[in-house]
Amino acid sequence: VRSLLSPEKPEQVLVEEIRALESEEKKNILADAGISLDIDAKTGLAMKAALGMPWNQLRTLRRWLAHSGVQLESEKRQRHIAKDILGENLEAEIAPFCFSRPSCDDEIRAAAYSYTPSLIQKVTKLIDENESAGTLTWHNGVIPDTEVWVKLGGDKGGGAFKMNFQIVNTNSPNSIHSTCVFACFEAQDTIANFH
């Protein structure tokens, strides 16, 4: 029938038919064909982690995807799943921090602080995961085969200071995917605040 209506471009008739359908009907047809335009919360969270995106960038991406007809499950649902995954691996509190003021004495104010309760447990778990996955390396003898090296670091940006570690015995130890944040606070990176 389509080739009778438009012998040169029968697929154009199909496109017009699909455009005329209600949104829910389109989704059902795509689902029947095994095509999904919805990204569930677990997949969205995995995508966020793989791309190293903060929540605000994910919100921007969600708007772009929605404009193209792709629905990403809610941030609330993704955060809920992230909380389930983190479980006892993260604690948060409000703590006193020192803030410098120009031409004035420093000011002590409450600010958010989150951290991994046991850094040793977290590092050990990550080493075990890399060993199970077969991704540990000793970089052709640069690292003695009886040692695993861990690098500590810090990064100030976006209003927060993040303390992190990297397992050096991986193929890309400086990669964002090899970096694990173990503490974060929303204050200046001063000696007083490190205490």
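1. Let's start with disulfides. In this predicted model, a search of the whole structure turns up 0 of them. As a reminder, a disulfide is a covalent bond that joins the sulfur atoms of two cysteines.

2. Cys104 takes part in no disulfide, and the nearest cysteine sulfur, belonging to Cys98, is 13 Å away. Cys104 is partly exposed, with a relative accessible area of 44%.

3. Cys180 is in no disulfide either: its nearest cysteine sulfur is that of Cys184, 12 Å away. Is Cys180 buried or exposed? With a relative accessibility of 13%, Cys180 counts as buried.

4. Now for the rings. The structure has 7 aromatic pairs. One of them joins Phe97 and Tyr113 edge-to-face, with 6.2 Å from centre to centre and 70 degrees between the planes. This pair connects distant parts of the chain, as Phe97 belongs to strand β3 (residues 91-99) and Tyr113 to strand β4 (residues 107-115), 16 residues apart.

5. How do the two partners sit? Phe97 is buried, at 5% relative accessibility, while Tyr113 is partly exposed, at 26%. Both also belong to a cluster linked by ring pairs, together with Tyr115, Phe161, Phe185 and Phe194.

6. Finally, have a look at two charges over rings. Lys48 lies over the face of Trp55, 4.7 Å from the ring centre. Arg109 has its charged end over the ring of Phe99, at 3.9 Å from the centre.

Technical notes:
Residues are numbered from 1 along each chain as its sequence is written. This is a predicted model: local features need pLDDT of at least 70, side-chain atom pairs count only at pLDDT 80 or more; totals for chains, interfaces and linings use all residues. Side-chain values use heavy atoms; hydrogens and water are left out. Rings of Phe, Tyr and Trp (its six-membered ring) pair if their centres lie within 6.5 Å; planes under 30 degrees apart count as stacked, over 60 as edge-to-face and the rest as tilted. Helices (H or I, at least four residues) and strands (E, at least two) are DSSP runs, numbered from the N terminus. Buried means under 20% relative accessible area, exposed over 50%, partly exposed in between (1.4 Å probe, protein chains only). A charge sits over a ring if NZ of Lys or CZ of Arg is within 6 Å of the ring centre and within 35 degrees of the ring normal. A disulfide is a pair of cysteine sulfur atoms within 2.5 Å.
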